[in-house]
Amino acid sequence: MKIKVLISDPLSKEGIKLLEENDLYEVSIIKPEELKDKIEPYDALIIRSGSKVTEEVLNHAKNLKIIGRAGVGVDNIDIKAASKKGIIVMNTPFGNTISAAEHTMSMMMSLVRNIPMAHLSLKNKEWKRSKFTGTELYKKTLGVIGFGKIGFEVAKRARSFEMNILVYDPFATKEQADKLNAKIVDLDYLLQNSDIITLHIPKTKDTENLINKETISKMKEGVRILNVARGGIINENDLKDALLSGKVKGAAIDVFSVEPALDSPLIDLDNVVVTPHLGASTEEAQINVAVDIVKQIRDFFENKEIKNAVNAFSFSPEIMKEIEPFIFLAEKIGILETAFLDDESGIKEIEIYYKGNISEKTVSPITASLLKGLLKNVEEHINLVNASFLANERGIKIKEIKANKLDDIANLLTVKVKTNKKEVSVSGTVFYKNNIRIIKINNYNVDLSPFGNIIISKNLDVPGVVGKLGTKLQEEGINISNMQVSTNKMDNQAIMLTSIDKKIDNEVLLALRDIKEIELAKFVIL
């Protein structure tokens, strides 16, 4: 019996040919609006952005096993509904890298040389050369926020213009930066010293509205800003105010908080270059994502292999159930590790120690879960399938060490993360009935149930710190549900793990950091 594949958006002929050349597949092509009525008998669905795969559509999918998105974004797919029905959802996160990088450079050149404005003026039979005097890129400083694959490719192209490159990415490595003679810095330094700032980060809870009134105030007078990443990273109203005041000299925007962006406050400004989400819109990128998704679909059916899935992992249900508590524990350890890492110091190496009973299990999904926790704030589409690949792309070395003997507990998972500046170690275990605990952070013995909202603070081991922290939280109306303090007499320091009843913002964290005895205060959601 043939595998039925439904394509409901325009797809490059190169991708379709890869299916049609194999007798195993029967291919049908429809319009997006026909999806609900036609999907019932199909085994696989390939879409782009035009098709809306809602829960209602999925309720009509009786045989569907996999959805392939030819592109990155999967917000037009109801992932939860697909997961409930056991349908794997895949995307192609790397097929448009060069297109996005080249579009960024095109936008940058258009902006600094006023090309769209000059073009429109001349089309209107005007000859106003002096009005459109531009700026050279030569020797200017480019701030690259996000140094993943696209950010790296943009920086590489900017170096050919002999620009100076600053990079902000908590997980960028010195080795990566050295390839381009770039400098890894913290966010404030980048904002204060860049002539042009370009964004190449996912939209997450930590990056939403990253460019706002406060961060713009730290920038140079006359800075230029580009966004060919994700809408919502820039607060468009705050940027508009800065453009009107002259604080920001110009902006080039390809993505918007709401799309189509016909009502965006930015599109009518004379000093803004805008395009309608064209970062991946090249012939080559369309071929790449089409070929990539068809190859992934074929690998799934022909080799039982899952690649770039956003809601699945390629191990049997039996194995996954057996190691599920450790997968959960590993992600929590990864999230905790990020609280102790410096923003400007990229990860070089991760050592993962599997000791006791866990050393005899299948550990690759556990390692992937750890990486997911570590990188989730800088990699928008990270999951158990692509976590190791993305870590490798960032030049992170991963070592797995196994030891099957432990004297005092049945199993122990210890993760050591090494940067250019420090080493952070977190250990956890799974007790009977899947009771998951964090038992050590660096040299501090703890007993933390990794759930909920946690403030992690490091402070001098002196009287009164607990009271000061509690008072600050009380002033903000924040309730403490649990607190534990662990001390290290050798360095006269302590860490506090404070469980609270709700999420806190940066203002509260800044208030806690103003307590003179507190050296570090971070907030994590576990």
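In the predicted model, G232 is placed in the loop that runs between strand 10 (223–227) and helix 11 (236–245), where helices (H or I, at least four residues) and strands (E, at least two) are DSSP runs numbered from the N terminus. With a relative accessibility of 7%, G232 counts as buried, the term buried being applied under 20% relative accessible area, exposed over 50%, and partly exposed in between, with a 1.4 Å probe and protein chains only. Contact is taken to mean heavy atoms within 4.5 Å, and, when neighbours within four places in sequence are left aside, G232 is in contact with K203, T207, E208, N209, F256 and S257. For T207, which stands 25 residues from G232 along the chain, the C-alpha to C-alpha separation from G232 is 8.4 Å.

The model is a predicted one, in which local features need pLDDT of at least 70 and side-chain atom pairs count only at pLDDT 80 or more, whereas totals for chains, interfaces and linings use all residues. Residues are numbered from 1 along each chain as its sequence is written, and side-chain values use heavy atoms, with hydrogens and water left out.

The protein chain contains 17 helices and 22 strands. Its radius of gyration, taken over C-alpha atoms, is 25 Å, which agrees with the value near 24 Å that a compact globule of 526 residues would have; the globule rule used here is 2.2 Å times the number of residues to the power 0.38. The C-alpha trace spans about 80 × 65 × 45 Å along its principal axes. Of the 526 residues, 53% count as buried, and 65% of the contacts between residues at least 6 apart in sequence join residues at least 24 apart. The accessible surface, computed by the Shrake-Rupley method with a 1.4 Å probe, comes to about 25100 Å², and 48% of this area belongs to carbon and sulfur atoms.

As for charge, the protein chain carries 72 positive and 73 negative side chains, and the centres of the two sets lie 2 Å apart. In this count Lys and Arg are positive and Asp and Glu negative, while His and the chain ends are not counted; the place of a charge is taken as NZ of Lys, CZ of Arg, CG of Asp or CD of Glu.

The structure holds 4 aromatic pairs, a pair being assigned to rings of Phe, Tyr and Trp (its six-membered ring) if their centres lie within 6.5 Å, with planes under 30 degrees apart counted as stacked, over 60 as edge-to-face and the rest as tilted. The rings of F147 and F152 have centres 5.6 Å apart and planes at 55 degrees, so this pair is tilted. F147 counts as buried at 0% relative accessibility, and F152 also counts as buried, at 17%. The aromatic pair of F300 and F301 is edge-to-face, with 4.9 Å from centre to centre and 80 degrees between the planes. Both F300 and F301 are buried, and together with Y25 they form one aromatic cluster.

Two helical positions illustrate the packing of buried residues. V112 belongs to helix 5 (residues 97–112) and is buried, with a relative accessible area of 2%. Not counting residues up to four places away in sequence, V112 touches G134, T135, L137, I196 and R224, and its C-alpha atom lies 10.0 Å from that of N271, a residue 159 positions apart from V112 in sequence. E331 is located in helix 13 (residues 317–339) and is likewise buried, with a relative accessible area of 17%; beyond its neighbours within four places in sequence, E331 is in contact with S369, L370, K372, G373 and K376.

The peptide bond from E259 to P260 is cis, with omega near 0 degrees, and P260 lies in the loop between strand 11 (248–253) and strand 12 (272–274). K125, although not a glycine, has a positive phi of about 65 degrees; K125 lies in the loop between helix 6 (115–123) and strand 6 (141–145) and is exposed, with a relative accessible area of 78%. N308, another residue other than glycine with a positive phi, has a value near 55 degrees and lies in the loop between helix 12 (283–303) and helix 13, where N308 counts as buried at 13% relative accessibility.
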